[in-house]
Amino acid sequence: MRGRAIRFCLVLWSAGVLSFLCLPVIAVLPISFSASSFLNYPLPGLSLHWYETVLQPYPWMFALKNSLIIGSSATTISVVLGTLASYGLTSGKFAGKQIVLALLISPMVIPVVIVGLGLYFFLNRIGLFGTYTGLVIGHTVLALPFVVMTVTATMQGFDRSLVRASASLGSRPLSTFFQITLPLIAPGVISGAIFAFSTSFDEVVVALFVSAPSQLTLPRQIFSELRDQIDPAIIAIAALLICVSICLMTAVEFLKKRSARLTQAVR
Amino acid sequence: MRFHMINRACDFGSDIDDPRSMEVVPEKSESLVRFVDVEKTYDGRTTVIERLNLDVRHGEFLTLLGPSGSGKTTSLMMLAGFESWTAGDILYQGRSLRSVPAYRRNIGVVFQNYALFPHMTVRENVSYPLKQRRVPRSAKAGRVDEALRMVELEGLAGRYPAQLSGGQQQRVALARALIFNPDLVLMDEPLGALDKRLREQMQVEIKRIHEAIGMTVVYVTHDQSEALTMSDRIAVFNRGCIEQIGSPKDLYERPKTSFVANFLGGNNNLEGVIVRCDDASCDVRISDGLTIMAQPVRYFSQGERVSISIRPELIATDPNSRKLDNLFWGTLENITYCGDHAILRCRIAGENSIDAKVPLSVYRVTPVACGDRVRLGWTTEDCWAHELLDGSTASVLQSVAG
């Protein structure tokens, strides 16, 4: 009886915490269907007008296209570099390994404003300010730690005797990496990629520092929209982005499960 | 010369006078692999392998046996190409392996944890070596089928390793290491993770395959009964050195050191002082003035302290039937009943106790009880006088027994 009462309280408490986290987001979503141009309740009428607005080529879809281009480039680069770094950091024995790891992770702990400011000066100096390349570099710096973290965690569960076995069976190191190591750490690499992409996809600070108007990204567009005029279009694009995020998070969870299954299989 | 020097030199099994000359003129020899003065150290001070000389003959089943940390696995890993060595050389078919990477050695390896690729089916695992060697698809399928048939896994080709039992996984690992027809197969405690019954079954299986194919096998284990039943030759490792190498019969019945006598099978140890020694026998006085006649492994001078080894199963408790050089009265202290035999622990003099292993057929007809006076006897040939164990070797043995 008492156990059940405690259990009930626990459920109630957890539900409270979850609503505290989710309600502010959920509360504003209906406004995206509002027929009025102000952010207020009660809704005067329902309309898909704001969704139509954000699906127009300019500025929203232009910004989305930029975000996708920059996001996927930054993701690709950070996944390749991050995976190689993790492989080296987990297989090699050398002095200062911890320091290298700390340096790679540092963009995650340093305030983004500082990173943005640094990039602003650096990219100006090398003439990449206001270019796609410059913004991709900036986002790669921010996304890299996520790839390094997830891939390193996966590498720790990776059985190194498989690499030895592969060598003994006549496979060269590079071919072993592609046939054995990469397929087995793929779940970690892919979730790293998803984290990297979402980092770039909702990054606003660095974008404000280093991009010119031609590299307008989605978060930047939202930001300037918030500053100039507040209308339900922002909520509409936010709703779309939330859907994308939910899909990505589901994919991460699925991959984690798959990874757990494969590593269990080895035992 | 009758006596062998047993000064922990590692030169057994190597019949070359100046091993260094081998490095310069590699010539065709009957040995497939030759360790020449191999040394290994990680930090420059403590040696893991100490001047190892070892010949692996064509087609033999050689077991490296020893307690953990004795260097047997390290030797195997150097041969496989996963570890380097600090000095000396390893020759494979007369050629130095020093600069040959693991993937070019063409040596099959079976790992302790199987090391099957979890994302590949049994068929993909077994055909992996063929894929690396770009064997055409048409030839591949037949060879994979043949290999799977050899390890009796025909029906399971489509399964993933996780869906197989430990014994089945081991068979896949075996098939994968054999499919590219390597001249040499290395096995690193391949049966360590299996339960006793399955282990014995796999021992028979591995022996059968070895006899059928005739490849050379170097097998690492710390299980002495596994070594005795499977090997053509056994090399007993201790602290980075080979204590003795020879056939199982040789090692068990003619141990050259006290370590070998104690590591392989049951053994009684007695300490004593030499009072007389010649080529064939020596008299050793143990405490309380008892004198035991034993075979010396080398010439001992009078007054030298030695360790005496006698196998419990070679001690007769009904000594009237045979002529025995060593006959003693003992007081029965303890009886351990083991089903097919019983161990009788008898105090023969002062602090010295001896275990006698008595088969059920004898034990049943001559019932004894604790406190009884028992007549014990054994021949000089079954009793060895060895050099004393040094302290650290003794503690290694103790930890193995414990």
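Colleague: Among contacts in chain A between residues at least 6 apart in sequence, what percentage join residues at least 24 apart?

Modeller: Two residues are in contact if their C-beta atoms, placed from the backbone, lie within 7 Å. In chain A, 78% of those contacts join residues at least 24 apart. The model is predicted: local features need pLDDT of at least 70, side-chain atom pairs count only at pLDDT 80 or more, and totals for chains, interfaces and linings use all residues. Residues are numbered from 1 along each chain as its sequence is written, while chains are lettered from A and ligands numbered from 1 in written order.

Colleague: How many helices and strands are there in chain A?

Modeller: Both are DSSP runs numbered from the N terminus: helices are H or I, at least four residues, and strands are E, at least two. Chain A has eleven helices and zero strands.

Colleague: Where does α6(A) kink?

Modeller: A bend is the angle between axes fitted to the seven residues ending at a residue and the seven starting there. In α6(A), a kink of about 35° lies at A:A143, shortly before the proline A:P145.

Colleague: Why is α6(A) called largely enclosed?

Modeller: Buried means 20 or more other C-beta atoms within 10 Å of a residue's own, placed from the backbone. In α6(A), 19 of the 25 residues are buried, so the rest of the structure largely encloses this helix. Across the 267 residues of chain A, 34% count as buried.

Notes:
A residue is buried if 20 or more other C-beta atoms lie within 10 Å of its own, exposed if 12 or fewer, and partly exposed in between; C-beta atoms are placed from the backbone.
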